[in-house]
Amino acid sequence: MMTVDRRRFIKQTLMAGAALTLSAADLKAYAEEKKTKVRLGFIAVGLRGQTHLHEMLKRTDVEIIAMADPDKQMMAMAQALVAKYNRKAPVEYTNGPNDYKNLLKRDDIDAVFVASPWDWHLPHGVDAMNAGKIVAMEVCGGMKLQDSWDFVNAYEKTKVPLMALENVCYRRDIMAVFNMAKKGLFGELLHVQGGYEHDLREVLFNGGAPHTEGVEFGEKGFSEAKWRTLQHQARNGELYPTHGLGPVANMIDINRGNRLTRLSSIATKSRGLHRFIVNNPKGGPNHPNAKATFKLGDIVTTQIQTANEETILLTHDTSSPRPYNLGFRVQGTNGIWQDFSAGEPESGFIHFEDKSPHHEWENPKKYMEEYDHPLWKKYETNAADSGHGGMDFFVDNAFIECIKRDIPFPLDVYDLATWYAITPLSEKSIAEKGQVQDIPDFTKGAWKTRKPVFGLESEY
């Protein structure tokens, strides 16, 4: 397994004069712990925020100081979770949507988790960086292209780091395939695929309360149905690129020796959400929401080119009846892997020209076990009861351990900016009938000298 000597990496990076790679704090970064406890705030404690809260409550090296959310029902649920762990109740900030700014004024918080609705990511993240609070940012896609530049500009101005919480990068089979790719089993990589292929209709609609069925959304909806469904009404593009793009971007060293250069997107007609409303026992053709219109095409396809001449294919499909599958595929000069389920080691196909029977697929399980990533071997027990099949443990653990050691995050602000940019660019491409859109270089040339970090060690 490849390892990274971070002290040597930092020195080499500085000698090479690579801009943007390290913050001022990173200049003195070493692998040993510099901080024993991280003091945390939470901005937005809805269901996703509560998942991160749960991960932090299991740890002894964090202290949860305060939480901000204007939704008092969600705040009560979060406080009940804290009480379940017999922890001191965090200070609440629930006085409207801007009360989080008072949380950020506190001088007893080192870092914040942000798990808010998508259109709040930018103000929450930038305000936190400007307040000197390290950011753990939940993922989505940018509302507009300028959002990506605003994240980068805030970091470069403040030098306060931000980590993108893309948990699928840590899925066990993905990390095993990442390990195989870095060891050269696939040969030279040519093409990678991923996506967000997940039937979300029962997330986008509900009965307006926890664990209820229905076709309500917006003000009458509960949790994500309050705000996420509105995105489907207003936008037509690759709304959630990071689950598919993040994992494969790591395999081909995006922003660290490679970069995304251009994309083109197309979309199908929109039918699935309307069909769900009119066919639902709680809805029907006469329900008021049957008149709602949805701009998002049921299936959005985005093709991307890289500087090193690999291609990427992303698929967004959340409005159709389908079992969960993110559609990953890795094709190299010596082999191919593709999954067809939710990450189970035996659920996929694999073929290596120098190992497999001629022109025959193999079950990937034996390769998944042989090339299981050292992180999973080390922390399998810790991740056993964590969200999303253990992935949440790894992404949250990396955030805390990097803060304690004062070292760069494996998924940083430049990754977030690049991934978020896919959404507005795909919208523009679809609106222009699939016209190719150039993808900005948010590293301003530093991708040529920045070194890979993700997954190259077994500590965090």
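Colleague: In which helix is His-52 found?

Modeller: His-52 lies in helix α2, residues 47–57. The model is a predicted one.

Colleague: Why does His-52 count as buried?

Modeller: The relative accessibility of His-52 is 1%. Leaving aside residues up to four places away in sequence, His-52 touches Phe-42, Phe-113, Glu-138, Leu-165 and Asp-396.

Colleague: What makes the pair of Asp-110 and Arg-39 a salt bridge?

Modeller: The closest N and O atoms of Asp-110 and Arg-39 are 2.9 Å apart. The cut-off is 4 Å, and the pair therefore qualifies as a salt bridge. The pair links distant parts of the chain, 71 residues apart: Asp-110 is in the loop between α4 (100–104) and β4 (111–114), and Arg-39 is in strand β1 (residues 38–43). By this rule the model has 30 salt bridges.

Colleague: How are Asp-110 and Arg-39 classed, buried or partly exposed?

Modeller: Asp-110 counts as buried because its relative accessibility of 13% is under 20%. Arg-39, with a relative accessible area of 29%, falls between the limits of 20% and 50%, so Arg-39 is called partly exposed.

Colleague: What makes the meeting of Arg-450 and Asp-412 a salt bridge, and where in the chain are the two residues?

Modeller: Their side chains meet at 2.3 Å, N to O, and this value is within 4 Å. The two residues are 38 residues apart, with Arg-450 in the segment after β14 (437–438) and Asp-412 in the loop between α14 (391–405) and α15 (413–431). Arg-450 and Asp-412 are both buried. Another salt bridge joins Arg-171 to Asp-173 at 2.7 Å, N to O, and both of these residues are buried as well.

Colleague: Why is α14 described as largely enclosed by the rest of the structure?

Modeller: Of the 15 residues of α14, 15 are buried, so the helix is largely enclosed by the rest of the structure. From its first C-alpha to its last, α14 reaches 21 Å, close to the 21 Å expected at 1.5 Å a residue. Just after α14, Asp-406 takes a positive phi of about 60°.

Colleague: How do you know that helix α7 is mostly covered?

Modeller: In α7 (residues 172–182), 9 of the 11 residues are buried. Among them are Asp-173, Ile-174, Met-175, Phe-178 and Met-180. A positive phi of about 85° occurs just after α7, at Gly-184.

Colleague: Which residues touch the most other members of the largest nonpolar core?

Modeller: They are Phe-151, Tyr-170, Met-180 and Phe-399, in a core of 128 residues. The element that gives the most to this core is α15, with 10 residues. Not counting residues up to four places away in sequence, Met-180 touches Leu-185, Phe-186, Ile-350, Phe-352, Tyr-367, Met-368 and Tyr-371. In soluble globular proteins, nonpolar side chains tend to be buried together.

Colleague: What makes β1 and strand β2 a pair?

Modeller: At least two bridges are required, and β1 and β2 (residues 62–68) have 6, in the parallel sense; they therefore count as a pair. Val-38 stands opposite Val-62 of β2. The chain crosses from β1 through α2 to β2 in a right-handed β-α-β crossover. Strand β1 also pairs with β4 in the parallel sense, over 4 bridges, and Ile-43 has Val-114 as its bridge partner in β4. Of the 6 residues of β1, 5 are buried.

Colleague: How many bridges join β5 to β4 and to strand β6?

Modeller: There are 4 bridges between β4 and β5, which run parallel, and Phe-113 has Ala-136 of β5 as its bridge partner. The path from β4 to β5 goes through helix α5 (residues 121–130), and this β-α-β crossover is right-handed. Between β5 and β6 (residues 162–164), also parallel, there are 3 bridges, with Val-135 opposite Leu-162. The crossover from β5 through helix α6 (residues 145–158) to β6 is right-handed.

Colleague: Which residues of strand β5 point one way, and which the other way?

Modeller: Ile-134 and Ala-136 point one way, Val-135 and Met-137 the other way, and all are buried. In a regular strand the side chains alternate between the two faces of the sheet.

Conventions:
Residues numbered from 1 in each chain as written. Predicted model: local features only at pLDDT ≥ 70, side-chain atom pairs only at ≥ 80, totals over all residues. Heavy atoms only, no water. Buried < 20%, exposed > 50% of the residue type's maximum accessible area, 1.4 Å probe, protein only. Contact = heavy atoms within 4.5 Å. Expected span 1.5 Å × (residues − 1). Core = buried A, V, L, I, M, F, W, Y, C linked by side-chain atoms within 4.5 Å. Right-handed = clockwise from strand over helix to strand, strands pointing away.
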